[in-house]
Amino acid sequence: MRVLVVEDEPMLADAMAEWLREETHAVDTAHDGAAALERIAVNDYDVIVLDRDLPRVHGDDVCRELVGSESAARVLMLTAAVEIDDRVAGLSLGADDYLTKPFAFPELAARVQALGRRARPAVPPVLRRAGITLDPARREVFRDGRYVPLSKKEFAVLTELLRADGAVVSAEHLLEKAWDEHADPFTGVVRLTVLKLRRKLGDPPVVGTVPGAGYRIA
């Protein structure tokens, strides 16, 4: 998934981003509300981890902007406040989940994964197609019962292909979802990753190329 972490403490933002990247997500970061809105305007995020107390533009206002724009992104709001009224207020703004600081990184990752499953349309907890079984929570892939070891990017690309449920997925979409904002849009990294993925999945080939359109799993 593509995730945006919005946190005004750079060390914490970087730590969250690195943890989520270990979970195979593509992660961007922003350190204030204005920068977050700029990134949201140009990138299609699945989940936004949003600190409530942000400089320049408050986290509440970022959340309101997201709700008003009818964005499909799910919002996990972070706060140091522990009062129930604070949590209720955050959820009433349109946040999908709430996490109080300090928190454990495994819980953060689990909540982000759970929100991703609630995307529109909803994503099943285990993806299956053409003899492939992918379990995002366990980060395991099997083909016809054979375990397939994948790199983080290969896993992310396969996840998007399986989520498409047979539809064609463009290289641009794969670049958007599996790599962060620093990825070069003119690079051949998507094509190379798909080639490696095909080799690891084995015969008969299951990832097809649709000329001029992208890739699909039939």
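Val49 is buried, with a relative accessible area of 0% (buried means under 20% relative accessible area, exposed over 50%, and partly exposed in between, with a 1.4 Å probe and protein chains only). Val49 belongs to strand β3, residues 47–51; helices (H or I, at least four residues) and strands (E, at least two) are DSSP runs, numbered from the N terminus. The model is predicted: local features need pLDDT of at least 70, side-chain atom pairs count only at pLDDT 80 or more, and totals for chains, interfaces and linings use all residues. Residues are numbered from 1 along each chain as its sequence is written, and side-chain values use heavy atoms, with hydrogens and water left out.

**Surroundings of Val49**

- Leaving aside neighbours within four places in sequence, Val49 is in contact with Val3, Leu4, Val5, Val6, Met16, Leu76, Leu78, Leu108 and Val112, where contact means heavy atoms within 4.5 Å.
- Between Val49 and Asp96 there are 47 residues in sequence and 10 Å in space, C-alpha to C-alpha.

**Overall form**

- Eight helices and eleven strands make up the secondary structure of the chain.
- The chain is as compact as a globular protein of its length, because its radius of gyration of 18 Å is close to the 17 Å that the globule rule gives for 218 residues. The radius is taken over C-alpha atoms, and the rule is 2.2 Å times the number of residues to the power 0.38.
- Taken along the principal axes, the box filled by the C-alpha atoms is roughly 55 × 35 × 30 Å.
- Of the 218 residues in the chain, 46% are buried.
- Among contacts between residues at least 6 apart in sequence, 59% join residues at least 24 apart.

**Surface and charge**

- The side chains include 29 positive and 36 negative ones, and the centres of the two sets lie 9 Å apart. Lys and Arg count as positive and Asp and Glu as negative, while His and the chain ends are not counted; the place of a charge is taken as NZ of Lys, CZ of Arg, CG of Asp or CD of Glu.

**The largest nonpolar core**

- The largest nonpolar core has 24 residues, of which Ile132, Val157, Leu158, Leu161, Leu201, Val207 and Ile217 touch the most other members. Such a core is a set of buried Ala, Val, Leu, Ile, Met, Phe, Trp, Tyr and Cys residues joined through side-chain atoms within 4.5 Å.
- At least two residues of this core come from each of β7 (132–135), α6 (152–163), α7 (171–178), α8 (189–201) and β11 (214–217).
- The most is given by α6, with six residues.
- Beyond its neighbours within four places in sequence, Leu201 is in contact with Ile132, Arg143, Arg146, Val148, Leu158, Val206 and Val207.

**Helix α7 and Arg2**

- The buried residues of α7 are Leu174, Leu175, Lys177 and Ala178, and they pack against β1 (2–6), β2 (26–30), α6, α8 and β11.
- Arg2 is found in strand β1 and is buried, with a relative accessible area of 2%.
- Leaving aside neighbours within four places in sequence, the contacts of Arg2 include Asp28, Asp44, Asp46, Glu176, Lys177, Asp180 and Glu181.
- Arg2 and Ala171 are 169 residues apart along the chain, and their C-alpha atoms are separated by 15 Å.

**Backbone exceptions**

- Most residues other than glycine have a negative phi, and most peptide bonds are trans.
- The bond from Lys101 to Pro102 is cis, with omega near -10 degrees; Pro102 sits in the loop between β5 (97–100) and α5 (105–117).
- The bond from Asp203 to Pro204 is also cis, with omega near -5 degrees, and Pro204 sits in the loop between α8 and β10 (207–210).
- Thr24, in the loop between α1 (10–22) and β2, has a positive phi of about 80 degrees although it is not a glycine. Thr24 is buried, at a relative accessible area of 10%.
- Ala130, in the loop between β6 (127–129) and β7, has a positive phi near 50 degrees. Ala130 is partly exposed, with a relative accessible area of 36%.

**An exposed loop residue**

- Arg56 lies in the loop between β3 and α3 (59–68) and counts as exposed at 66% relative accessibility.
- Not counting residues up to four places away in sequence, Arg56 touches Asp32 and Ala34.
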